[in-house]
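Please work through the following exercises with the sequence and the structure at hand. Each task is followed by its solution.

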Amino acid sequence: MGIPEHEDKIVQKGITKILNAIYENNFLDCSFGFRPNRNCHDALKILNYYMEKKSVNYIVDVDIKGFFDNVDHIWMMEFLKLRIADPNLLRIIGRFLKGGYMEEGKKYKTDKGTPQGGVISPILANLYLHYVLDLWFEKEVRKQCKGEAYIVRYADDFVCCFQYKSEAQEFFQSLKLRLQKFNLEIAEDKTKIIPFGRFAEKDAKLKGNGKPDTFDFLGFTHYCGKSKSGYFRVKRKSSRKKLQGKLKESKEWIKKNRNNDIHMIMNRFKRSLVGYYNYYCITDNTPSVQQFKDKIQYLLFKWLNRRSQRKSFTWDKFNLFLHKYPLPSPRIKVNIYDLRKEISYIL
């Protein structure tokens with residue numbers, strides 16, 4: 001993590017605007033991270049469209065090991081030179097890359113990676129993967145595939161969809177070599193090829209595995225389900241890892257601040273839940289979000305009872321308290337099937 005000073009932030013913000021103006025029209029539609037008018041929900045909608053409407057039978061779920069820490073500076077500058085001829089601008093960007101970071105009063109040099117926390121880091125990360133991954137997948141991988149193949153990327157987190165297992169496996173092996181060329185590496189323990197699609201449940205039963213495998217992407221666990229009419233549908237629920245992390249964070253906060261003014265405590269949790277709902281309240285995920293709210297209420301009951309040596313609440317009194325200081329209830333914020341904004345990406 002590298003947090004630039006105020007003056008550096010101003011310069012980085014200016015350069016980021018220049019780079020966005022140069023590269024935005026060049027970035028491919030499969031890229032959604034840190035780009036104007038694109039967000040995580042857009043990526044989820046497009047991925048859902050591919051898995052439900054296209055001939056997708058296999059998912060390659062890939063994690064790049066320490067991407068932001070291992071971006072190669074030499075390759076980065078070579079990529080920049082393809083569109084930028086101004087030596088002064090290149091020199092300034094090079095300085096930001098090699099700016100280093102401070103830890104406990106000591107300065108450490110950085111000969112690789114882009115400092116997380118820098119304003120310019122997201123656009124540089126997108127630029128690097130545009131040349132390393134996006135163009136390679138579009139110009140080489142897809143053209144060599146006999147079946148359908150798609151990629152959806154948000155920053156360094158991406159998922160690839162394939163029609164045929166052999167082509168998914170071949171891509172996985174090629175990807176290792178491709179990333180090695182640019183000094184990146186796959187996290188083997190977090191990368192997998194799984195059957196996923198309208199035939200995945202049938203295949204899983206034939207193999208005696210029960211339910212088809214699932215995969216996580218952008219904070220959601222994707223799994224094979226069915227519509228009310230019995231047709232195949234991709235469904236999502238909040239990732240267990242993300243949910244547990246948020247609950248742990250909330251627990252530590254209420255534990256530390258339980259003796260503060262009750263209005264401040266409840267307002268904090270209201271704001272926290274509204275932010276959580278805005279991201280996680282998508283199609284099919286309301287039950288999971290409701291469970292999260294229930295656990296938040298239990299944390300409040302537990303730690304507000306420890307404001308003194310005497311027990312403050314019974315459950316009945318706590319319900320009356322929540323009636324006076326109600327927490328917002330979850331409702332769907334994002335329809336995963338609303339593709340009005342994303343239709344141009346598909347076409």
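**Exercise 1.** Determine how helices H1 and H6 pack.

*Step 1.* H1 passes H6 in a left-handed crossing, a term used if the near helix is turned anticlockwise from the far one by less than a right angle. Helices here are DSSP runs (H or I, at least four residues), and strands are runs of E with at least two, numbered from the N terminus. The model is predicted: local features need pLDDT of at least 70, side-chain atom pairs count only at pLDDT 80 or more, and totals for chains, interfaces and linings use all residues. Residues are numbered from 1 along each chain as its sequence is written, and side-chain values use heavy atoms, with hydrogens and water left out.

*Step 2.* The axes of H1 (residues 6-23) and H6 lie 10 Å apart at an angle of about 30 degrees; axes are lines fitted to C-alpha atoms, for helices over the stretch in contact, and angles between N-to-C directions run from 0 to 180 degrees.

*Step 3.* H1 and H6 are therefore roughly parallel (angles under 35 degrees).

**Exercise 2.** State the strand order of the open sheet.

*Step 1.* The four strands follow the order E4-E5-E1-E6, with antiparallel pairing (pairing requires at least two DSSP bridges).

*Step 2.* Strands E4 (149-154) and E6 (192-195) are the edges, as each pairs on one side only.

*Step 3.* E1 (residues 58-63) and E6 share four bridges; Tyr 58 has Pro 195 as its bridge partner in E6.

Methods
Parallel < 35°, antiparallel > 145°, perpendicular 65-115°, else oblique.
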